[in-house]
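Dear colleague,

Please find below the structure that I am handing over to you.

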Amino acid sequence: MIRKIINIIPVILFAANMFFSCTAPIDIKTRNSEPVIVIYGYLTDEYRYQYIRITSSSPYFDENTNRVSPDAEVWIKSSYGDEYQLLSEKNGYYVSNARFAGIPGATYSLSVEVDFDGDGEREIYEAETTLLPVVPVDSIDITPIDIMGYRHFSLNFYMQEPAETENYYLFKFFINDSISNDKISELLLSDDRMYNGEYVPGANITYFEDATDEDVIEKNKDEDDVYMAAPGDRIRLQILNIEKGYYNFISECISEKYGENPFFGGPPSNITTNLSNGAIGYFSSYCVQEKRAVVP
């Protein structure tokens with residue numbers, strides 16, 4: 001049995017437990033501000049239709065009410081000379097006109113041309129990303145652990161962290177083939193400061209609550225910041241080596257939505273983006289590697 005609930009706390013705690021382009025500062029607009037174009041998407045090394053989404057910042061974190069832009073002209077070009085047009089689909093999504101896989105080491109340029117403000121003139125928004133190679137992970141496992149009288153399941157991974165590069169990692173996990181932390185505010189991040197150049201001996205990524213414990217189910221029935229799993233559940237984990245700019249973007253989005261420690265956090269800061277011409281969002285890329293485990 002699975003109850004799918006959000007777990008944000010490990011995003012903040014993970015950097016202390018494990019290691020974890022050009023950017024420009026922008027302001028997140030409030031609900032009463034003029035709309036700003038939001039462009040968000042990423043390429044992967046998977047052979048598939050690649051896509052981005054174009055919406056509005058009014059309000060930024062409420063995708064259900066965001067205005068979409070269905071008439072943009074969107075292109076992606078690679079440093080190897082490949083060129084792909086992205087065509088408009090529903091809900092602001094733009095999908096490549098052909099399947100293709102990103103090439104590790106290649107740089108990809110995004111160009112969006114659209115009359116977003118409705119003044120009759122089309123604006124151009126651009127961004128660039130480099131597809132970083134995979135940092136190989138040996139394995140993952142799931143370990144039962146008791147915390148304050150309750151059983152939890154710790155999701156851990158093992159790898160040799162390379163010393164020659166500064167690496168930033170993004171983690172997405174699936175419970176029984178359903179993606180769990182799929183929103184920006186739910187993503188798990190880490191940099192490599194603690195384990196740079198060393199072997200990572202089963203570092204914790206996140207915890208699952210015990211979905212077989214009726215007390216735990218009752219305690220969390222109104223919570224939206226916990227994931228639950230039961231013995232026998234299948235877990236897939238994606239470990240993604242991402243650019244520093246994308247790491248900063250996700251971190252700042254999480255801080256913007258949930259706030260910082262009121263005593264030790266700094267004042268609210270602008271969220272960075274690699275998009276030009278006042279657009280917000282991010283255009284990124286990564287290679288996908290995946291490991292599997294079963295909850296014991």
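Predicted model: local features only at pLDDT ≥ 70, side-chain atom pairs only at ≥ 80, totals over all residues.

**The chain as a whole**

The chain has 296 residues, and 48% of them are buried. Its secondary structure consists of three helices and 19 strands. The accessible surface amounts to about 14,400 Å², and carbon and sulfur atoms account for 49% of that area.

**Aromatic pairs**

In general, two aromatic rings are described as a pair by the distance of their centres and the angle of their planes. Across the whole structure, the search returns 14 aromatic pairs. Two of them are set out here.

One of the pairs is formed by Tyr40 and Tyr246, whose ring centres are 6.4 Å apart. Their planes stand at 35°, so this pair is classed as tilted; the stacked class would require an angle under 30 degrees, and the edge-to-face class one over 60. Tyr40 belongs to strand β2 (residues 37-44) and Tyr246 to helix α3 (residues 244-258), so that the pair links distant parts of the chain, 206 residues apart. The two partners have these accessibilities: Tyr40 is partly exposed, at a relative accessible area of 22%, whereas Tyr246 is buried, at 1%.

Another pair consists of Tyr84 and Phe100, with ring centres 3.7 Å apart. Here the planes make an angle of 5°, and the pair is therefore stacked. Tyr84 is found in strand β5 (residues 83-88), while Phe100 is in the loop between β6 (93-96) and β7 (107-114). The pair therefore ties together parts that are 16 residues apart in sequence. Tyr84 is buried, because its relative accessible area of 16% falls under the cut-off of 20%. Phe100 is buried as well, with a relative accessible area of 3%.

Tyr40 and Tyr246 also belong to one aromatic cluster, together with Tyr42, Tyr51, Tyr93, Phe249, Tyr282 and Tyr286.

**Charges over rings**

Two contacts between a charged side chain and a ring may be of interest to you. Lys219 is placed over the face of Tyr150, at 4.1 Å from the centre of the ring. The charged end of Arg236 lies over the ring of Phe174, 4.1 Å from the ring centre.

**A nonpolar surface patch**

Which residues form a nonpolar patch on the surface? They are Ile145, Ile147, Met148 and Tyr207, which together have about 390 Å² of accessible area. Ile147 is part of strand β9 (residues 137-147) and is partly exposed, with a relative accessibility of 33%. Met148 is located in the loop between β9 and β10 (150-160). Its relative accessibility is 80%, so Met148 counts as exposed.

Asn176 is situated in the loop between β11 (168-175) and β12 (178-179). With a relative accessibility of 25%, Asn176 is partly exposed.

Yours sincerely

Conventions. Residues numbered from 1 in each chain as written. Heavy atoms only, no water. Phe/Tyr/Trp six-rings, centres within 6.5 Å; stacked < 30°, edge-to-face > 60°. Helix = DSSP H or I, 4+ residues; strand = E, 2+ residues; numbered from the N terminus. Buried < 20%, exposed > 50% of the residue type's maximum accessible area, 1.4 Å probe, protein only. Lys NZ or Arg CZ within 6 Å of the ring centre and 35° of its normal. Patch = residues over 30% accessible without salt bridge, like charges linked within 9 Å, V, L, I, M, F, W, Y side chains within 5 Å. Areas by Shrake-Rupley, 256 points an atom, 1.4 Å probe, with all protein chains shown as cover. Salt bridge = Lys/Arg side-chain N within 4 Å of Asp/Glu carboxyl O.
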